[in-house]
Protein chains: 2
Amino acid sequence: VLQEKKIIIIGCGAGGGTAAQFARKQNRKAKITIIEKGNFAQYSKCGLPYVISGDIKNFDNLIEFSKEWFNKSNINILSNTSVESIDKINKKIIVKNNNSITKKSYDSIIIASGSNPQIPPFENINKDELPKGFHFLRTIEDGKKILKEISNIKKATIIGAGLIGLEIADSLYKKGIEINIIEALPEILSKTIDKDISNTIQEKISKTINLFTNYLITRIEKKGRDYKLFIKNNATFEKITIDTDLVIIATGTYPEIKIAKEAGCEIGVTGGIIVDNKSQTSLNNIFAVGDCTEYLDFVTKKPISIGLGSIVVRQGIAAGINAAGGNYTLPEGFLQTCTSKFFGFELASVGPISNNLDKNEIISSKYEGLSLPNYYPGGKLIKIKLIIDKKTGYILAAQGIGDNISLRINTIACAILNRMNVEIFRKLETAYAPPLAPTLDVITIVSDIAYKKLKRIN
Amino acid sequence: VLQEKKIIIIGCGAGGGTAAQFARKQNRKAKITIIEKGNFAQYSKCGLPYVISGDIKNFDNLIEFSKEWFNKSNINILSNTSVESIDKINKKIIVKNNNSITKKSYDSIIIASGSNPQIPPFENINKDELPKGFHFLRTIEDGKKILKEISNIKKATIIGAGLIGLEIADSLYKKGIEINIIEALPEILSKTIDKDISNTIQEKISKTINLFTNYLITRIEKKGRDYKLFIKNNATFEKITIDTDLVIIATGTYPEIKIAKEAGCEIGVTGGIIVDNKSQTSLNNIFAVGDCTEYLDFVTKKPISIGLGSIVVRQGIAAGINAAGGNYTLPEGFLQTCTSKFFGFELASVGPISNNLDKNEIISSKYEGLSLPNYYPGGKLIKIKLIIDKKTGYILAAQGIGDNISLRINTIACAILNRMNVEIFRKLETAYAPPLAPTLDVITIVSDIAYKKLKRIN
């Protein structure tokens, strides 16, 4: 018998929206309410750079599920509404809309409060009131502002060379804007891939854009309608001045946990709300999903905070089903499979980067080969790195660059999820046809290399 | 200590050539001899249609490893030489070159004798002496003859609508030739994919070419330089006459086992030489690889004869290493992962087709979805079918059509090799980025559908 559960979801991002949909699928009698502080329903934040670039026509296209869609699915969505607090004793949630405060009773809550942008320690810059010309790109509103400003600018600066910073840089570059990227660390993409792989990208994109790695911004000076950025190299102390018309800050995020923390949800070492394999917090009937949460890395079993759309959606499925009375268990950690495309590069990775593993306990192999048999014209170079466990031979992680690398990394993700030994994985029968794939794919060759290194040691 | 093993390899196709290379890598002291009845060293037979189409410039490009290459690797290659018999008692192999017969002693033999073309029971047609205008496309010599003839023809007929028949048809179609395909069975690709998937292809390609499924050729009549083919429908008995300038026969192959059989190797129900997971025959020190062999289907554990380049190469690796004193074990059967591209279709499959499984013991699911998130332009439709075991939920097989389907099928191949339950596979974290992949890939959605069907039953 289905229970008439009252489910309140805080936030209508990919996590909250997905949770609502799966709660509805699980339990057609559930009373589901989404409380969203913004004005839109569920839209793709990851898609924002591609509206800037023009690949996607306009911001409305990013709306995956409209308010009407939710209403048709009998999901009540309160937009422009914020959550003040959770009253656990009376099982009520206190919400605010237009200065009017109301209470809504719940059986389960799903917290999908997302994250806040991190801001580098600039002189004179207040996060909540960025000066004109300074932007984040985290909402449709941000995107619209940027799109308006870039129509007549020549130079843009992106602070932060992570996946999102590089995606934004590429989108502005496609508009004919000269690009500076300033990164505080010596390497780009340092959270996503190892140095030896990112260096390949770094070398090539620095021919297209002005890439300043290992630089910190020391001072910002307004110069007419534009800005001067004073930057200093962390190692050499060299100082450079950059003129720019626009600055986009993409230096990461931190979990938004205020409501959860006040309600008593346990917060983890990464600053996120701790959730388990049901996406439940430390409190009964309170679930959490997405960027505000902390869960485990599948390989290391260490806590990680979540910042990938693919993970957010999977947590949303789990929380939605579980909050609605079902039973959905996630694997014991996330693989963090991810991919991106910028400046002509396709990049993908799965599992922890080497820095998050004990160097003495791993073996890595690298291989660069063609996507097609040597005799068939048009094969593209694919570079791939595999990391295995020195004791067990288990596949732990992989990273790569090249055409359709994400689909190859998915296969390795499947191997990791199965705790598969490289000795067997290297024998995987991959599909072969001259115009499509070689008899031995790069994923099997890089595995064979790793296995041989392993055998030499053991 | 490495043994100075004498290894004789019969045949320098992909299987024999690969075996030689891996024997050499395993044992630098081994004395390796390849006996090849043709004049070329290792070349790609699978690549032949793409020379016809012009995608590959000329037949020499197909040579992956030349005689010089083998000689440099200290592998002795005797071309234009055939094997007469194996003298097991004296451990000698009797070979013939230009009517001179010699004996060569061996420690191990690797039989890579390939297959022979099957020929439909035509009136007046002798396999060893095809009439002018009739061809196989199995060797560079065949390819050269066809390429010469097609320069001034208008109509070609391909007999057999399997993978190879369709690849050949596409290659001639690209040359502007009108194409007939005659298939004796009601469906195309009946050995590779299920009817519900092949029908999608059948419908679309029959708009481009004249496809006669369920037709047998009853009579062939020479008409000047060309031919009239009289065909009859197996069901309706309708008779049609086809004019054609050229006929290519692609109705499958059967294993070439003469030498192996005479030597006493056990022959299996499929007509191939039985080999085990070391690619060894029933006789000590005699290995066999490729189209002449019979091994197991990984899923059903039933014997299959081998006809895929990807498998041939993997057997070659195993036989080469094992014959040279190493130890390489193949999985307990082949997944038969395969892919092909013709008339704009990309197709891939892994595991047995439904007809080779017990219908009462399986559940299948189908899904058609986009390769990209809905909001990102340019996503391509991908159709995918998954077959799981009704009792255990194990993934048994998959088939699909669409862009990069082979790489998606590889991921499912990895799942099958791990005897993975669909319940877990549907939770696989696939890589996501708007211009590259949706948050939930078609492989995870089709798995979720299968799981739900499974749950409804159990």
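View 1. Turning one copy by 180°, with 0.0 Å of shift along the rotation axis, superposes chain A on chain B at an RMSD of 0.0 Å. Look for T411(A): among the residues of chain A, its C-alpha comes closest to the axis, at 2.1 Å.

**View 2. Where the two chains meet.** Here 60 residues of chain A are in contact with 60 residues of chain B, contact meaning heavy atoms within 4.5 Å. The copies meet through the same surface, because 100% of the interface residues of chain A are also interface residues in chain B.

**View 3. The area buried between the chains.** About 5,300 Å² is buried between chain A and chain B, and carbon and sulfur atoms give 65% of this. (Buried area is the accessible area, with a 1.4 Å probe, that two parts lose on being put together, summed over both.) In chain A, the residues losing the most area to chain B are R314(A), Y375(A) and E429(A), together 15% of what that side buries.

**View 4. Polar pairs across the interface.** Between chain A and chain B, 20 residue pairs are in polar contact, both residues at pLDDT 80 or more. (A polar contact pairs N or O atoms within 3.5 Å; within protein, one must be able to donate a hydrogen and the other to accept it, and residues adjacent in sequence count only if both atoms are side-chain atoms.)

**Notes.** Residues are numbered from 1 along each chain as its sequence is written, and chains are lettered from A in the order in which they are written. In this predicted model local features need pLDDT of at least 70, side-chain atom pairs count only at pLDDT 80 or more, and totals for chains, interfaces and linings use all residues, while side-chain values use heavy atoms, leaving out hydrogens and water.

Note on methods
Least-squares fit on C-alpha atoms with pLDDT ≥ 70 in both.
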